[in-house]
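Subject: Structure handover and findings

Hello,

Here is the structure we discussed. Please open it first, then read my notes below.

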Amino acid sequence: MREKKIYEACQRLLTVCAQCKKDENILIVTDEDSMEIGMALWDAAEDYPNKTLVMMEPRKMHGEEPTDLVAAAMLKADVIFRATKFSLSHSKARRNACEAGARDLNCCDYDLEMLKKGGLYTDFEANKKYVDQIAKGFEGGDVCHITSKLGTDYWCSIKGHKIFPQYGMSHQAGQTSSPPDIECATGAIPGTAHGKLVIDGSITHPAMGVLKEPITLYVENSFVTKIEGGAEAETFAKELAKVYDPRMYRVGEIGVGLNPDAALCGRMLEDEGCMGYVHVALGNNETDNQDFILHIDMMFQNPTIEVDGKVIFDEGQVVFD
């Protein structure tokens, strides 16, 4: 019998986050690296007779496509739980499944500690107000300016960019979420981002995780042109260079973490959702026709965000009208 807390967390995913119904086709996608999480979800879904678990080889990076058979299974599911090492959120398979009506939950890179405490035990409904307020601040905006006491001074246009409210729940057909990540995201319009980003939280790359010292990135025309810092900055620069594709340096997503019960731990979905943190992403940008699969988020703490001169996030705090 699994530990009670682990079972409770998986039950919350099934009921609170997905609102699974007894007669629905529930698909759990996992891999060798995350099988323990996949099996915990399987055990918690004991009262759902139409559940299916499929396992594939681990992907090599966030956004990489699953196998063709897994993609086909996703198209037939009512609810999908993706307990994988790397996220499939930016894959065509996930988009196609949601377009077909699936409710999708990203559970990538979970560990058992995330099932015992932290962001999964938050009041998801109560936190919707934070997401809605940031979405309101982004809505109809053009010039986005992000600053921080450590030296971030980043500008871009968000005019016309889609806004992505993430409540950590998928209750409607076609919705995707990544509990415990609660956030509101938009993105830089290609070619408009410039300035400096000082990253002092964590980076969602296998060689990185929670940072010991800040990494500074310089941006021109929406591409990173220089990376400065200590040993971790050198490691990050080397890892990006290994991709051998200039699109890896493209700056895209801007996400505001809004889960007050999440804590930085080096796990992507917990880190992205931490209240008080903002993440900016390299690689895949939802504005750019999804022409590149890789996506790396970089978290930094207590920034201030202004949209057209109006402060919507003040040193890590949501500003309510």
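One definition to begin: axes are lines fitted to C-alpha atoms, for helices over the stretch in contact, and angles run from 0 to 180 degrees between N-to-C directions. Contact means heavy atoms within 4.5 Å. Helices (H or I, at least four residues) and strands (E, at least two) are DSSP runs, numbered from the N terminus.

Some ground rules. This is a predicted model, in which local features need pLDDT of at least 70 and side-chain atom pairs count only at pLDDT 80 or more, while totals for chains, interfaces and linings use all residues. Residues are numbered from 1 along each chain as its sequence is written, and side-chain values use heavy atoms, with hydrogens and water left out.

Two strands pair if DSSP finds at least two bridges between them. An open sheet of 8 strands runs in the order β14-β13-β10-β6-β5-β18-β19-β20, and its pairing is antiparallel. At its edges are β14 (223–228) and β20 (317–318), each pairing on one side only. Inside the order, β5 (residues 143–147) and β6 (residues 153–157) are joined antiparallel over 5 bridges. Cys144 has Cys156 in β6 as its bridge partner.

Helix α6 (residues 128–138) lies across β18 (304–307), β19 (310–314) and β20, at about 150° to β19. Helix α7 packs on the sheet as well, touching β13 (215–220) and β14, and its direction makes about 145° with that of β14.

**The parallel sheet**

Another open sheet has 5 strands in the order β2-β1-β3-β4-β8, with parallel pairing. β2 and β8 are the edges; each has a single partner strand, so one side of each is left without a neighbour in the sheet. Helix α3 packs on this sheet, touching β1, β2 and β3, and its direction makes about 155° with that of β1. Strand β4 (residues 103–106) and β8 run parallel and are joined by 2 bridges. There, Leu105 has Ser177 in β8 as its bridge partner.

β1 and β2 pair in the parallel sense over 6 bridges. Val29 stands opposite Val54 in β2. From β1 the chain passes through helix α2 (residues 35–44) to β2, a right-handed β-α-β crossover. Right-handed means that, with the strands pointing away from the viewer, the path from the first strand over the helix to the second runs clockwise.

**Helix α3**

Buried means under 20% relative accessible area, exposed over 50%, and partly exposed in between (1.4 Å probe, protein chains only). In α3 (residues 68–76), Val70, Ala71 and Met74 are buried. Seen down the helix axis, the buried residues fall within an arc of 100°, so they line one face of α3. That arc is taken from the directions from the helix axis to the C-beta atoms. The buried residues pack against β1 (26–31), β2 (51–56), β3 (79–83) and α4 (92–99). Asp68, Leu69 and Lys76, on the other side of α3, are exposed.

**Cores**

A nonpolar core is a set of buried Ala, Val, Leu, Ile, Met, Phe, Trp, Tyr and Cys residues joined through side-chain atoms within 4.5 Å. The largest has 76 residues, and those with the most contacts inside it are Phe81, Phe138, Tyr154, Phe236, Leu258 and Ile305. α1 gives the most to this core, with 6 residues. Apart from it lies another core of 12 residues, among them Leu27, Val70, Ala97 and Ala102.

Phe81 is in strand β3. Phe81 is buried, at 1% relative accessibility. Beyond four places in sequence, its contacts include Leu13, Leu14, Ile28 and Leu105. The C-alpha atoms of Phe81 and Asp104 are 6.3 Å apart, though 23 residues separate them along the chain.

**Backbone points to check**

- Pro179 and Pro180 are joined by a cis peptide bond, with omega about 10°. Pro180 sits in the loop between β8 (176–177) and β9 (183–187).
- Gln19 is not a glycine, yet has a positive phi of about 50°. Gln19 is in the loop between α1 (4–17) and β1, and is partly exposed at 40% relative accessible area.
- Tyr244 also has a positive phi, near 55°. Tyr244 lies in the loop between α7 (231–241) and β15 (251–257), and counts as exposed at 75% relative accessibility.

Best wishes
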